[in-house]
Amino acid sequence: MRVGVFICHCGNNIAGTIDVARVAEETRKIPGVVYATTYMYTCSEPGQEEIKEAIKREGLDRVVVAACSPRMHEMTFRRTVEKAGLNRYFFEMANIREHISWVGEDKEFNTRKAIDVVRMAVAKVMQNRPLFSSSFKINKRVLVMGGGVAGMQAALDCADGGLEVVIVEKSQSIGGMMARLDKTFPTIDCSICILGPKMVDVAQHEKIKLYAYSEIDEIKGYVGNYQVKIRKKATYVDWSKCTGCGACMEKCPSKNAYDYFNFGVAPTKAINIPFPQAIPKKAKIDPNYCRQFTKGKCGVCAKICPTKAIDYEMKDEIITEEVGAIIVATGYSLIDMDMLPEYGGGRYPDVISGIQYERLLNASGPTAGHIERPSDHEEPKTIVFVSCAGSRDKSIGIPYCSNFCCMYIAKQAILTKDHISDSQSYVFYMDIRSPGKGYDEFTRRAQEEYGVHYIRGRVSRIYPKGKKLVVRGADTLLGTQVEIEADLVVLATAVISNKDAAYMAEKLHISYDTFGFYVESHPKLRPVETNTSGVFLAGACQGPKDIPASVGQGSAAASKILALFSGETLESDPAVARVNINACVGCLKCVKTCPFGAIKEKELRDGRVVADVIETVCAGCGVCTSTCPCGAIQLQHFTDNQILAEVNALCLI
Amino acid sequence: MTVEKLKETVLDTLKDVELVMGYQMGFDALHATPLFIRKKEDAERLIWNPLCVHNLTTYLPSLKKSRVGVVVKGCDSRTIIQFLQEGLITRENVTIIGIPCQGIISVRKVLKEIEYEPVEEVSFNSDSMTIKTLKGSKTLKIEDVWPDKCITCKYPTPLIYDYLIGEPVSFDRGVEVSQVIKELEGKSLNERLAYWQKEFDRCIRCYACRNACPLCVCQDSCIAETREPHWISQRLTLNEKFMFHMIHALHLAGRCVECGECARVCPMDIPVNILKKKINLDMKELFGYVPGVNAEDKPPMYTFNVDEVNIKEHGI
Ligand SMILES: Cc1cc2nc3c(=O)[nH]c(=O)nc-3n(C[C@H](O)[C@H](O)[C@H](O)COP(=O)(O)OP(=O)(O)OC[C@H]3O[C@@H](n4cnc5c(N)ncnc54)[C@H](O)[C@@H]3O)c2cc1C
Ligand code: SF4
Ligand code: SF4
Ligand code: SF4
Ligand code: SF4
């Protein structure tokens, strides 16, 4: 075996705290190494040329580059050695930058550590086997989970690019949170007026199929070939017959159903269509409130419906769709008001959340756009907005910023003045976060043109006093305590991930952070990819995000998929698990633990049952290899022997 | 009497299985040995007494495709349940003849009591045994020569069976943790290491412990011998022995049914079962799981859960 080792200076990044010449010198002593050299920038074009030439000149059959993290340049060098005629897996990278030169200051120590790390890489590369990827056909259909603005944008872009799209939306209508908003910052244009056309496009696009009031039950498969089980939840209304006339809703005697769309600002009917622009505009029964379900008799809607669409016996329906890629755009939730007892959240009717206020402002909302106090329906004159209600509060486990509240508070304060000209708004804030284009001007306008009174400080307590609410807080700029007697208090409740976010992540095999937001593949360079190929992210499911950012991500995710689907086939990654059938005892423990369902049992001709890995499904996670008691299943490129060789190189010398 | 009833049941079972496994007398009066009954006549040799120490279920996975019957004690029945959880046997193919057990003996403890004299004759009374040797006879309370597993036993009556010979019994001495574990837990890490180094140093790598263990399923691919992957070399150093035992213990994590066979068969008298028992205590604490008790349970090491009963990593 003839190993060549290339040690990179990376300018001063590595050479500054590692004696690279000494590393090369020591490396030459390792049995198997026939060539070792240093280079200023190995990843540069001449650097790569040098590797190719050395492979030919020195007859190298294995290559080690000691440089930066393999996450940066492993692919570069794999291609380099491949161009010089070696299998791309006859290459190893020793990370002496992120792991050594950047983190340690002692040059002597760093140099010794670098020598060890190179020695390990040499030991590994000598154990490497040639691996080859195979190609497989892809199904060019896309599943979009969540029909909020991000999901809709992604779906439309994919469909306009010629791909068939399936949207699965959990609630009764697409539109997401944006459909609930009144106006949008920083332009104050009517939310549904700009969203409505997109919703209609989605409904009318011949390449888009929409499953509303549906959820994903199961996802099987891998990039290019997923089988998705979709649960169409029972609506108790046959949507193929329902015309959305709303007659049922008018006559329904059960008037106290919780209105999810309006965040409970006012009650609704047990059978309802959430909002006039809903898509699909179909009615749905809430069995928790419908008398036919709770009392066993009523049937009013069934009698009234002109098309006989009501079906109390309806059951959930399971549909299987086959797709090749998935965009997750499931959005966000808001904390319960109950989590804010110091602000009287959930206790005082006139302390409401920002999204509830949004519904009060909205002309198609329950008050037809009249701002009124929930307690006595009177018009409030003094309104206090409390920002960071739950956000940036470690004590309740939400240390992060909810991103868009500063902006929507300014918007709501401006709109308040428009609605009630003799009103006065106050905003308690920690900082004003308005870094977007035109954003700072917008918050400034709220203060300067609309006379909104901004008080820098936190609210300590809110308590009722007669018909009013006393908001007590600090004004840290003046260094005093302030008390404001308000008619209405609006809390900018913190953004959190959906309740089922982590559960969905497990189904999708994607990562999520401690807060349940999905984790992108790289925070800067791969913002809409996940670490599972074929699954992409868009919108607030990845972290709190306003509409422009959500839409941008929707388009970005779509463009990623259009690129992914630009050919007919995809290459599989050969660094996957493989079963040695001579060693496998057929216990099938691996089958049970594989989180990707990538292993199935196979009967050999002699009747022996062994495990068999489906190469394209295997994600290379390695769970099976640590489950298999006899080491029969091995992750290629990371076999026990390869890892042991590294450990031995480190420990036995 | 139990033996007569047992024979009757075995003969009955033999009608629709190829083979029934029970016990017969061994090479001397103190040893029983497995009996493989294929013909009616074989059943004549059946015995049942506290010498019937072996866990006969060990043979079941290799007989997965045949229809067999097996005689089990309470503890042995747990192995069957574990096999079922792990899909190592097919329930329909096995006829289980359960016998409620009053505790068996540790041959090793008895031999010590009679100072390793050759045994002439052994007889049993309700709770004692009398051993006749050339030097005279000695009566021992069976409880006093119980193996470790009988002291901590919670399931003297089989947990799964098709026939039950005799009335269910229950004895629970309320001992949760065996004495050796308690003593070890009181020691420092270094003392514990020293203890195990001393124990494992005696190991001759005969692999009797592995071969007797009903749940060691790797057969010829055991890491103790394979070259691919090459975890352990064939050198007879303490390192190699230690590594083998560590891996054996870890492979039994949450699987060991505490039948004690590994320790019973060890020619060097190494308490290999103790490591596994200790891991089981941890498994119970972490996963709320006890191996071999309920056929519907899922062994925690064979499942992939986001959160476990007592490990709330994700808080969902
Ligand atoms: C009070 C308030 C005012 C705001 N005002 C503005 C503003 O003026 N300007 C601005 O830019 N931003 C504003 N925002 C932010 C805006 O709401 C978000 O940026 C935007 O809604 C994010 O879009 P999304 O598609 O990512 O998520 P969402 O709008 O939350 O949509 C997600 C969709 O996915 C669906 N879904 C969830 N889980 C599943 C599942 N498991 N399966 C299938 N479907 C699922 C949901 O039902 C929903 O339809 C405001 C937010 C609030 C709270
Ligand atoms: S765990 Fe190992 S031995 Fe068991 S079936 Fe899988 S590969 Fe075979
Ligand atoms: S490495 Fe093993 S456990 Fe992981 S996906 Fe592949 S087959 Fe499944
Ligand atoms: S039975 Fe005893 S001596 Fe033999 S391998 Fe096991 S521990 Fe070692
Ligand atoms: S490890 Fe020992 S006690 Fe545990 S099941 Fe195997 S033989 Fe029985």
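User: Is A:Glu218 buried, partly exposed or exposed?
Analyst: In this predicted model, A:Glu218 is partly exposed, because its relative accessible area is 29%. Buried would mean under 20%, and exposed over 50%.

User: What does its side chain meet in a salt bridge?
Analyst: The side chain of A:Glu218 meets that of A:Lys229. The N to O distance is 3.7 Å.

User: Which parts does that pair tie together?
Analyst: A:Lys229 lies in strand E12 (residues 225–232) of chain A and A:Glu218 in strand E11 (residues 214–222) of chain A, so the bridge ties parts 11 residues apart in sequence.

User: And A:Lys229, how accessible?
Analyst: A:Lys229 has 33% relative accessibility, so it counts as partly exposed.

User: How many salt bridges are there over all chains?
Analyst: The search finds 58 in the whole structure.

User: What forms a salt bridge with A:Asp431?
Analyst: A:Arg392 does. Their closest N and O atoms are 2.5 Å apart. The pair links distant parts of the chain, 39 residues apart. A:Asp431 sits in the loop between strand E20 (424–429) and helix H13 (439–448) of chain A. A:Arg392 is in the loop between E19 and H12 of chain A.

User: How accessible are those two?
Analyst: A:Asp431 counts as partly exposed at 25%. A:Arg392 is partly exposed too, at 21%.

User: Which residues are linked in a network of salt bridges?
Analyst: A:Asp350, A:Arg373, A:Asp376, A:Glu378 and A:Lys467 are.

User: New topic. Helix H11 of chain A: how many of its residues are buried?
Analyst: 8 of its 8 residues, 354–361, are buried. Among them are A:Tyr357, A:Glu358 and A:Arg359.

User: What do they pack against?
Analyst: Several elements of chain A, including strand E19 (382–389), helix H12 (405–419) and strand E25 (488–493).

User: Now chain B. What is the strand order in the open sheet of 3 strands?
Analyst: The order is E5-E6-E7, with antiparallel pairing. Strands E5 (119–124) and E7 (136–141) of chain B are the edges, each pairing on one side only. The twist averages 20° from one strand to the next.

User: How many bridges join E6 to E7 there?
Analyst: 6 bridges join these antiparallel strands of chain B. In E7(B), B:Lys138 is the bridge partner of B:Ile131.

User: Last one. Which residues make the nonpolar surface patch of about 320 Å²?
Analyst: A:Tyr258, A:Tyr260 and A:Tyr289 make it. A:Tyr258 is in the loop between helix H8 (247–251) and strand E13 (271–272) of chain A. A:Tyr258 is partly exposed, at 38% relative accessible area.

Conventions: Residues numbered from 1 in each chain as written. Chains lettered and ligands numbered in written order. Predicted model: local features only at pLDDT ≥ 70, side-chain atom pairs only at ≥ 80, totals over all residues. Heavy atoms only, no water. Patch = residues over 30% accessible without salt bridge, like charges linked within 9 Å, V, L, I, M, F, W, Y side chains within 5 Å. Areas by Shrake-Rupley, 256 points an atom, 1.4 Å probe, with all protein chains shown as cover. Salt bridge = Lys/Arg side-chain N within 4 Å of Asp/Glu carboxyl O. Helix = DSSP H or I, 4+ residues; strand = E, 2+ residues; numbered from the N terminus. Buried < 20%, exposed > 50% of the residue type's maximum accessible area, 1.4 Å probe, protein only. Pairing = 2+ DSSP bridges. Axes fitted to C-alpha atoms, helices over the stretch in contact; angles between N-to-C directions. Contact = heavy atoms within 4.5 Å.
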